[in-house]
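Welcome! Take a moment to look over the sequence and the 3D view, and then we can walk through some of the side chains together.

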Amino acid sequence: MDTLGVVMNGVTGRMGYRQHLVRSVLAINEQGGVELSDGRRVTLRPVLVGRSAAKLEAIAARHGIPDWTTDLGAALADDRNAVYFDAQITNARIGAVTRAIEAGKHVYTEKPTAENLDDAVALARAAREAGVKNGVVADKLFLPGLLKLRRLIDGGFFGRILSVRGEFGYWVFEGDWQPAQRPSWNYRAEDGGGIVLDMFPHWAYVLENLFGRIEAVTARAVTHVEERVDEHGRPYKVTADDAAYAIFELAGGVVAQINSSWAVRVNRDELVEFQVDGTHGSAVAGLRRCRVQHRSATPMPVWNPDLPVTEPFREQWQEVPDNAEFGNGFKTQWEMFVRHVVEDAPFPYDLASGARGVQLAGLGLRSSAEGVRVEVPGAGA
């Protein structure tokens, strides 16, 4: 059995620890490794990297991981380590990933890949010129709800798709009377925070892979909650956007509207939901569920404000069955990237696609600041 050394930077954070280390890398090893096309298996040897020796040592002890260090250079210099993974805060990513590329490591990273388009493009170019494999996390495409949605699209269920409406978000506590569920850097623009930079890269690959190329964006980014309390109990001024309301125009005439907010209370079945409407049917997909209404079963509501609504609208939709066992989406993509590194299996979510996500975030912020519709350069080519 082959073993692949993986330098994991940023595993002391919530996402890096829970989704990437525990539920992906360690889970892969527990199942006996990643199976390759020829039947061989590859296990992963994580090397934990971060700034806090105490936190790293605690995580390593908890999971029986022998290799950890606060010296990124030493980890990258070790020839046994073939892959570098980055889950740090955004403004630390470009430097670390660049060092990994220069060290000849294959790179896999969380998004956004950078804070601005120039850096994101430079990163993709550096990886291409160095000849290293590279990938960006596109976890939402692997959610059970969106996998079911993909199945419907591929099966022609919708006919011609007309529009997409997305709702994402939840109330993040301000940190005074209840602890915030997100780190304070998310709310500081100077640290790479903001919901546009955080979420528009997600919407970029979701829309691009499911519905079509994004040709234009009109957005309004706002800061609803202007003061919060950080992890140490200190009040701070919010300098980044915590909500964004956007219209994305897609190739083929599809219009997508997506609201993203950390200042909204949830009145929907899941924290993210997408409604897709087409000439032959509609669907509502979330993290796990997907419900449909075909045109043959579409009721005929009549607007009458003088009478109470008696139509059980939600009951008129049909649940899409699982028809498969859906694993953790982060783990699934890790397995894909390992196969990409070891046997050159396809992996479409590269640093170039990550740069398109950063580009969309920048265009969204420009649209908001200038109050204009912004076309995506090269989208019509």
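## Charges, rings and a surface patch

Arg265 places its charged end over the ring of Trp171, at 3.9 Å from the ring's centre. Keep in mind as you explore that this is a predicted model. Here is a short tour, topic by topic.

**Charges over rings**
- A further example involves Arg188, whose charged end sits over the ring of Tyr236, 5.3 Å from the centre of that ring.

**Aromatic pairs**
- A pair of aromatic rings is described by the distance of the centres and the angle of the planes.
- In this structure there are 15 aromatic pairs.
- One of them joins Tyr108 and Phe337 in a stacked arrangement, with 4.8 Å from centre to centre and 15° between the planes.
- Tyr108 belongs to strand S6 (residues 106-109) and Phe337 to helix H8 (residues 329-343), so this pair ties together parts that are 229 residues apart in sequence.
- Tyr108 counts as buried because its relative accessibility is 1%, and Phe337 is buried too, with a relative accessible area of 1%.
- Phe142 and Tyr349 make an edge-to-face pair, with 6.1 Å between the centres and 80° between the planes.
- Phe142 is found in the loop between strand S7 (134-136) and helix H6 (144-154), while Tyr349 is in the loop between H8 and helix H9 (351-370), so the pair ties together parts 207 residues apart in sequence.
- Phe142 has 10% relative accessibility and therefore counts as buried; Tyr349, at 14%, counts as buried as well.

**A cluster of rings**
- Which residues do ring pairs link into a cluster? They are Phe85, Tyr108, Phe142, Trp334, Phe337, Phe347 and Tyr349.

**A nonpolar patch on the surface**
- Val266, Leu271 and Leu287 form a nonpolar surface patch, and together they have about 210 Å² of accessible area.
- To find Leu287, look in the loop between strand S15 (281-285) and strand S16 (290-294).
- Leu287 counts as partly exposed because its relative accessibility is 30%, and that class lies between buried (under 20%) and exposed (over 50%).

**An annotated region**
- An unreviewed UniProt entry annotates residues 48-133 as "domain: Gfo/Idh/MocA-like oxidoreductase N-terminal".
- In the model, the span of residues 48-133 is 51% helix and 16% strand, and its end C-alpha atoms are 21 Å apart.

Key:
Residues numbered from 1 in each chain as written. Predicted model: local features only at pLDDT ≥ 70, side-chain atom pairs only at ≥ 80, totals over all residues. Heavy atoms only, no water. Patch = residues over 30% accessible without salt bridge, like charges linked within 9 Å, V, L, I, M, F, W, Y side chains within 5 Å. Areas by Shrake-Rupley, 256 points an atom, 1.4 Å probe, with all protein chains shown as cover. Salt bridge = Lys/Arg side-chain N within 4 Å of Asp/Glu carboxyl O. Helix = DSSP H or I, 4+ residues; strand = E, 2+ residues; numbered from the N terminus. Buried < 20%, exposed > 50% of the residue type's maximum accessible area, 1.4 Å probe, protein only. Phe/Tyr/Trp six-rings, centres within 6.5 Å; stacked < 30°, edge-to-face > 60°. Lys NZ or Arg CZ within 6 Å of the ring centre and 35° of its normal. UniProt positions renumbered as here; feature names shortened; annotations may be inferred.
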